[in-house]
Amino acid sequence: MQLKYLYSFFKTFQIPGLFSVFSDFKGIVRYHFLYAAVESGLLEALKTPCSRDNLIKKLSVKNPDILDALLKVGISLKELNCKKDHYGIRGKRSRAMVGAYGDTLSAVIQANVTYYNNSYRYAAARMKGAGLGDDLRHSGDIIARFSKLSDPVIKTFLRDIVPQGPGLRVLDIGCGSGLLLKSMMQINPGLSGLGIDIDDAAIRQAMQNTKKWGVSENFKIVKGDIQDLPDDIPGFDLITMVNLVYYFPVGQRPKLFKTLRSRLTTGGSLAIIMNMQGKETDFGAANLNMANASMRGVTPLPDSATLQEQLKESGFSTVRASDLMPGSSFVGMLAK
Ligand SMILES: C[S@@+](CC[C@H](N)C(=O)[O-])C[C@H]1O[C@@H](n2cnc3c(N)ncnc32)[C@H](O)[C@@H]1O
C-alpha cells in the first residue's frame, strides 16, 4: 500500500470518537452474526466441521449468497474457520453457544437483537406518541430462556425463604420455564403446588421441563392470568413472583398484593425477586427499563421503596429486601 493511503487512513481515525464507535461496531456485527448463526442452525450444524455443499443441504438453503456472506462474516470475526474446504467453529462465544449453557447464551443474543433492539430503534417515534411495541406477544420463549441466567443467585435467596417441612404448598406466578419450581423442590423435596403463566410458549416450556426434571407429580402447570385464579384452590405457604411485578400497572399492584395475601396460609409469605430502578451504573437494569418503557403490557421497573410501601399498604406487616447481585438493583423481597 502506498504511504499516502496509509496517511489518509490514519487521518480519518483522528475524527474524535471514530475509533470508539468502530470498536463498538465490531461488537454489534458479532451480535448480528451470532443471532443469524443460531436462528439458521449454522452453529448447531458446525458442531462437526462441514463443507459448504453439506451446509446447504443441512440448513435447507435456497439462497446460497446469504450463507456465503454469513460464513465470510463469521470468518472475519474469527468466530468460524475454514480448513480444507470444511467450515468449523473457532471463536469462544460461538463455541460456548453450542455448549452446556448455549441455550441461555443464545437467548441473551436473541433478546438483544429483537425486542431490546426495537426499544431503541423505535424510541424516537414512541417517545413522541407512536404506539408501543407488541414484542411481548412473540418473545415469551426467549424471555423464559434468558431469565435462567439469574438462577444461581435466586437459588441462594430461595435457600433462606423456602419453608421446610412436609406437606407445604407453593405458587409460582409467571413461572416461565418452570425452573424456579425445580429449584424450590431441590431445597424442600416435600413441596407441591402450582406454576401459572399467561403465555402459551412459556407454558409449553414449563410443562416439558417439569416432566423432564421429574417434578411434574408435585407441581401442576396451568395456563392463565393470576388475576383469575379460581377461589377453590387451597392456600399456599409461599407465593413467588420472579421478574413479574412490572407486568401489572402501578395502580393495580396493591389490589393484586391484597388478593395474594388472602391466598397465603397463616405465617405464609410472598417473595418478589427482580430488578428495581437501578443505581446509575447498572446498565443491565437501565436497558431492561428502556425495553419495559417502550413495550405494551409492561411498565418501567418499580422503585424499591414504593414497592415496599405498596406491600405494607396491602396488609403485609414486614417487608425485608436483600440485594442479590453486586453493583446491580436485582433484589429479593420477602413480605409476611
Ligand atoms: C419476565 S418473565 C419471568 C419468567 C420467570 N418467572 C423467570 O424469572 O424465569 C414473566 C412471565 O410472567 C408471565 N405473566 C405476565 N403476566 C402474567 C399474569 N397476569 N398471570 C400469569 N403470568 C403472567 C409472562 O407470560 C412471563 O412468562
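This is a predicted model: local features need pLDDT of at least 70, side-chain atom pairs count only at pLDDT 80 or more; totals for chains, interfaces and linings use all residues.

Trainee: How many residues surround the ligand, and which are the closest?

Mentor: The ligand is surrounded by 16 residues. The closest are Ser147, Gly174, Asp197, Asp225 and Val242.

Trainee: Which atoms of the ligand lie 2.9 Å from an N or O atom in the side chain of Asp225 or from a polar backbone atom of Val242?

Mentor: For such polar contacts, one looks for a pair of N or O atoms within 3.5 Å. The side chain of Asp225 places an N or O atom 2.9 Å from a nitrogen atom of the ligand. Val242 contributes a polar backbone atom, and this atom is 2.9 Å from a nitrogen atom of the ligand. As for cover, the ligand taken alone exposes 590 Å², of which the protein buries 91%.

Trainee: How many disulfides does a search of the whole structure find?

Mentor: A disulfide requires two cysteine sulfur atoms within 2.5 Å. The search of the whole structure finds 0. Cys82, for instance, is in no disulfide, and the nearest cysteine sulfur, that of Cys50, is 11 Å away.

Trainee: Is Cys175 buried or exposed, and why?

Mentor: Buried means under 20% relative accessible area. Cys175 counts as buried because its relative accessibility is 5%. Cys82, in turn, counts as partly exposed because its relative accessibility is 36%.

Note on methods: Residues are numbered from 1 along each chain as its sequence is written. Side-chain values use heavy atoms; hydrogens and water are left out. A residue is near a molecule or strand if one of its heavy atoms lies within 4 Å of it. A polar contact is a pair of N or O atoms within 3.5 Å; within protein, one must be able to donate a hydrogen and the other to accept it, and residues adjacent in sequence count only if both atoms are side-chain atoms. Accessible areas come from the Shrake-Rupley method with a 1.4 Å probe; for residues, only the protein chains shown count as cover. Buried means under 20% relative accessible area, exposed over 50%, partly exposed in between (1.4 Å probe, protein chains only).
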